[in-house]
Amino acid sequence: MLIKKPDPIKASEITPEPIYRNRRLFMQGLAGSAALALSGGAAAIPAYDLDADAPRYPGPDWLQSKLRAGARNEALSTAEKPAPYVNVITHNNFYEFGTGKQDPSRKAQNFKTDPWSVEIAGEVDKPGTYALEDLLQPHGIEERIYRLRCVEAWSMVIPWMGFPLGDLLKRFGPTSRAKYVAFTTLLDPEQMPGQGGFFSTLDWPYVEGLRMDEAMHPLTLLAVGLYGNALPPQNGAPFRLVVPWKYGFKSIKSIVRIELTESMPVTTWNQTAPNEYGFYANVNPEVDHPRWSQATERRLPSSLFSPNIIDTKPFNGYGDQVASLYSGMDLRKWF
Ligand SMILES: Nc1nc2c(c(=O)[nH]1)N[C@H]1C(S)=C(S)[C@@H](COP(=O)(O)O)O[C@H]1N2
Ligand SMILES: [Mo]
């Protein structure tokens, strides 16, 4: 219901005001550490040509050194050109900070993402609450360049930094009853203006879920960065999910809880409008949204004169890797 219809094509992607306001901040303090974060000890992540005016998000020291040690996973990265950094950090869906595409980049800049802790709960041998630094400690970070296809029929290519969710889950010993994984975003109306007010948009906190085999799939990523740096708050800092073959709303941001469950979790968009947003939400050009076609998408950056409309691929182009997870399932019924 509330996810908006595909945007009309905009005349241009204009750098919004907060980016300019942030420029001074960037010049004053963040520049040094950002340059450091991008120089890359192993030199495996290319020094991206980022818009000089756009803010960088170096993240805490412990994360910077992990990011610097990261290398690109070429085999699991698309060769398509990533969207310009400024698009990735200013065209966002993060309803906790408002429903406009630029609300998150305007309103999330002071969102406190360090220290951060994550609870691992449910059907695991070793439940507990862990500081993010400890939770990530054994995991090496790699870069993966993925397509992100929003259910609103726009898409972009994003160079994420992260590690496979499956590697993390294995450490906590899923029990034989673990059939699904549920993820929860932070609930904090003080910091997240979209969660407050009488007419709230969604039932908070935001919850998403995966079937266990989807969660263990090597493409399923826990991201802590993009474009070689830490995640910006508007992109779900400090810790988010990225499931590239599913509509973007499955890729839940700013996770504070991961629970392994026996039954299918109740998830935010599915609960809000079950006829429009399924639990599976695999990208599928043959199953239209009740209010618009899913056959094509607007690949960002796009403009009035170059709208850049492309065909949507089944499973967002990851069918060779993931279609077998759904063999025998009617994907019209399980949309
Ligand atoms: N907690 C939370 N996670 C969320 C959302 C949200 O509103 N809240 N929006 C989703 C949607 S609809 C999309 S398309 C992606 C967008 O990710 P990006 O802003 O990093 O491109 O985040 C997803 N994760
Ligand atoms: Mo989305």
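This is a predicted model: local features need pLDDT of at least 70, side-chain atom pairs count only at pLDDT 80 or more; totals for chains, interfaces and linings use all residues.

Analyst: Set aside the neighbours within four places in sequence, and Ile258 is in contact with Val118, Glu119, Ile120 and Ala121, among others. Leu168 and Leu169 also touch Ile258. So do Val181, Ala182 and Phe183. Phe239 is another of the contacts of Ile258.

Two of these names return in the core. Phe239 and Ile258 have the most contacts inside the largest nonpolar core. That core has 89 residues. Strand β5 gives the largest share of this core, seven residues.

How much space lies in the largest cavity? The figure is about 350 Å³. The lining holds 25 residues. Closest to the centre of the cavity are Asn93, Phe94, Gly248, Phe249 and Lys253. By class, the lining divides into 15 nonpolar, seven polar and three charged residues. In total, the count comes to two cavities of 30 Å³ or more.

The peptide bond from Ala237 to Pro238 is cis, with omega near 0°. Pro238 sits in the loop between β9 (229-230) and β10 (240-242). A further cis bond runs from Trp204 to Pro205, and its omega is near -5°. Pro205 lies in the loop that joins β6 (180-185) and β7 (207-211).

Two backbone angles also deserve a look. Tyr227 is not a glycine, yet its phi is positive, near 50°. Its place is the loop between β8 (221-226) and β9. Is Tyr227 buried or exposed? Tyr227 counts as buried because its relative accessibility is 6%, and the cut-off for buried is under 20%.

Phe315 has a positive phi too, about 55°, and is not a glycine either. This residue is found in the loop between β13 (309-311) and α9 (319-322). Phe315 has 9% relative accessibility, so it counts as buried.

Finally, step back to the whole chain. The protein chain has nine helices and 13 strands. There are 335 residues, and 57% of them count as buried. Take the contacts with a separation of 6 or more: 75% of them join residues 24 or more positions apart. Ile258 gives a local picture of this, with Val118 and Leu168 among its contacts. The accessible surface of the chain comes to about 14100 Å². Carbon and sulfur atoms account for 54% of that surface.

Notes:
Residues are numbered from 1 along each chain as its sequence is written. Chains are lettered from A and ligands numbered from 1 in the order in which they are written. Side-chain values use heavy atoms; hydrogens and water are left out. Helices (H or I, at least four residues) and strands (E, at least two) are DSSP runs, numbered from the N terminus. Buried means under 20% relative accessible area, exposed over 50%, partly exposed in between (1.4 Å probe, protein chains only). Contact means heavy atoms within 4.5 Å. Accessible areas come from the Shrake-Rupley method with a 1.4 Å probe; for residues, only the protein chains shown count as cover. On a 1 Å grid over the protein atoms alone, a cavity is a set of points where a 1.4 Å probe fits but cannot get out, and a pocket is an open set with protein on both sides within 12 Å along at least five of seven lines; lining residues have an atom within 4 Å of a point. Grid points are joined across faces, edges and corners, and a volume is the space filled by probe spheres set on the points. Ala, Val, Leu, Ile, Met, Phe, Trp, Tyr, Cys and Pro count as nonpolar, Asp, Glu, Lys and Arg as charged, and the others, Gly among them, as polar. A nonpolar core is a set of buried Ala, Val, Leu, Ile, Met, Phe, Trp, Tyr and Cys residues joined through side-chain atoms within 4.5 Å.
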